[in-house]
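Here are my notes on the model, as numbered points. Please read them beside the sequence and the structure.

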There are 2 protein chains.
Amino acid sequence: MVDDDVTETRDGPLTARDRFDRIHADIRNRICLLEYPPGEKLSEVELAEEFGISRTPLRRVLARLEDEGLVTSVHGVGTMVTDIEMEELAQVYRLRKELVLLQTSLDVAPPDAVYLARVEALLARAEALKTAPSAKAFSTLDRDMFLTLLELTANTPLRTMSKRLYFRTARIWLQQVTASKIDLMQEIEVYAREVRDILEALKLGDLDAVGHMRRSHISLSFARMIK
Amino acid sequence: MVDDDVTETRDGPLTARDRFDRIHADIRNRICLLEYPPGEKLSEVELAEEFGISRTPLRRVLARLEDEGLVTSVHGVGTMVTDIEMEELAQVYRLRKELVLLQTSLDVAPPDAVYLARVEALLARAEALKTAPSAKAFSTLDRDMFLTLLELTANTPLRTMSKRLYFRTARIWLQQVTASKIDLMQEIEVYAREVRDILEALKLGDLDAVGHMRRSHISLSFARMIK
DNA sequence: ACGTCAGATGATGTGCACAACAGGCGGGTG
DNA sequence: CACCCGCCTGTTGTGCACATCATCTGACGT
């Protein structure tokens with residue numbers, strides 16, 4: 001599991017910002033893993049009780065999720081998990097196709113042995129999925145893979161924006177799988193092959209190849225999804 | 001003046017979201033125009049009084065500004081306008097250089113006569129600056145030019161991210177000018193020439209040329225800034 | 001039977017008082 | 001004189017009560 005952008009447990013007591021980031025990532029993961037499917041109504045009081053805080057700080061989390069396009073709040077109605085229009089989904093994918101090239105060409109930090117070992121571990125998880133297929137485990141793996149590859153660039157703004165775009169549409173693929181519109185086993189096969197190819201290119205230091213492989217994978221993945 | 005992302009005055013009464021966007025854009029402009037220079041302490045109570053609201057909704061605005069990297073809030077200390085590290089500034093510019101190419105190649109909407117007339121008006125403002133140089137007016141013109149050219153792409157996520165990046169660093173250039181590290185007249189001359197070239201390319205329908213001209217302008221502008 | 005409207009209900013948005021925290025000031029002490 | 005500790009002040013963070021809004025319900029009138 002990749003630590004994401006949540007600050008790890010530090011020595012001192014948890015500050016307000018730590019709680020905020022933790023709860024934000026938590027709810028975001030629930031949305032991306034479809035525990036809160038599109039249209040689900042999120043109750044501020046219930047979530048506040050669950051996290052042991054008041055509505056005030058929780059509303060700040062929901063406000064950020066709204067900025068990120070994951071929920072929408074309507075006065076007097078409620079806070080609902082957003083659905084994604086077909087056109088916007090296509091726009092996000094077209095943009096992500098371009099950004100992955102930048103992730104391996106802009107301010108790149110060459111991978112070291114430790115990094116390669118981490119990617120090998122991810123490959124092992126991909127291989128393991130073949131014998132024990134699980135849509136959620138696949139989704140989690142894809143997220144970790146994405147965050148790991150994002151470390152290749154040292155460009156902070158590029159990292160931030162790529163993350164936002166990724167989490168904006170990550171749940172759609174999972175939704176299509178659960179609706180049986182995508183063959184899970186086939187996707188896992190393709191994915192494992194892609195991870196293997198990426199690892200190979202990383203070992204050779206050919207980051208440009210990594211970018212173009214990811215680009216084509218995103219393109220094909222999108223094509224299979226809307227099929 | 002370009003309307004920006006603030007919803008215009010609609011028929012009904014102002015909703016909460018309208019107030020929020022209005023105040024957000026207002027404070028953001030003050031920061032970008034250096035009315036609140038880096039390091040300035042923003043008082044929540046004072047701002048709340050000025051806008052005639054309570055601290056609660058104002059804090060939501062400040063939270064968003066903090067997400068966008070324009071301010072930082074520290075518990076018990078205050079909310080200060082951020083300064084920009086040299087390294088981060090360079091990262092933003094490197095990324096923006098790539099994004100401007102996408103703005104004229106991804107989901108582009110060909111400009112019509114009305115659009116061309118608006119760019120002509122912008123060119124007129126640039127020419128007018130030659131006889132009445134003003135750093136703030138120049139800064140405002142650059143913002144309007146940026147937002148106008150951003151309309152060339154219909155890709156909403158690309159628009160959103162480009163905006164965030166632009167407003168993240170827009171004040172730095174103005175800061176360098178007021179510190180007399182940049183020659184204002186020379187910048188205005190260069191800028192007017194660039195707008196003229198862009199307008200020419202737009203009339204010819206050569207959007208690719210527009211992108212590359214903007215890219216080189218950003219590159220040169222950054223080089224002059226850090227000189 | 002059907003349309004209408006007042007009231008109930010539950011949600012988000014707002015205002016306000018207090019808690020938590022950091023920094024500055026000043027007196028006490030070795 | 002230097003250092004330390006406690007108080008004071010100003011700021012952000014939190015909890016809570018209320019305002020505002022949209023939706024549903026059901027009684028009423030036609």
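1. Twelve residue pairs are in polar contact between chain B and chain A, both residues at pLDDT 80 or more. A polar contact here is a pair of N or O atoms within 3.5 Å; within protein, one must be able to donate a hydrogen and the other to accept it, and residues adjacent in sequence count only if both atoms are side-chain atoms. On chain B, the side that touches chain A draws at least two residues from each of α3, α4 (86-103) and α7 (156-178). The largest share, seven residues, comes from α4(B). By class, that side of chain B has eleven nonpolar, three polar and ten charged residues. (Ala, Val, Leu, Ile, Met, Phe, Trp, Tyr, Cys and Pro count as nonpolar, Asp, Glu, Lys and Arg as charged, and the others, Gly among them, as polar.) Helices (H or I, at least four residues) and strands (E, at least two) are DSSP runs, numbered from the N terminus.

2. This is a predicted model: local features need pLDDT of at least 70, side-chain atom pairs count only at pLDDT 80 or more, and totals for chains, interfaces and linings use all residues. Residues are numbered from 1 along each chain as its sequence is written, chains are lettered from A and ligands numbered from 1 in the order in which they are written, and side-chain values use heavy atoms, with hydrogens and water left out.

3. The rule finds eight salt bridges across the interface of chain B and chain A. (A salt bridge is a side-chain nitrogen of Lys or Arg within 4 Å of a carboxyl oxygen of Asp or Glu.) One of them pairs Asp67(A) with Arg64(B); their closest N and O atoms are 3.7 Å apart.

4. About 2,200 Å² is buried between chain B and chain A, and carbon and sulfur atoms give 59% of that area. (Buried area is the accessible area, 1.4 Å probe, that two parts lose on being put together, summed over both.) In chain B, Gln91(B), Leu95(B) and Met161(B) lose the most area to chain A, together 24% of what that side buries.

5. A polar side-chain atom of Arg55(A) lies 3.1 Å from a base nitrogen of DNA strand C. A polar backbone atom of Gly76(A) is 3.2 Å from a base nitrogen. On the phosphate side, a backbone N or O atom of Ser54(B) lies 2.6 Å from a phosphate oxygen.
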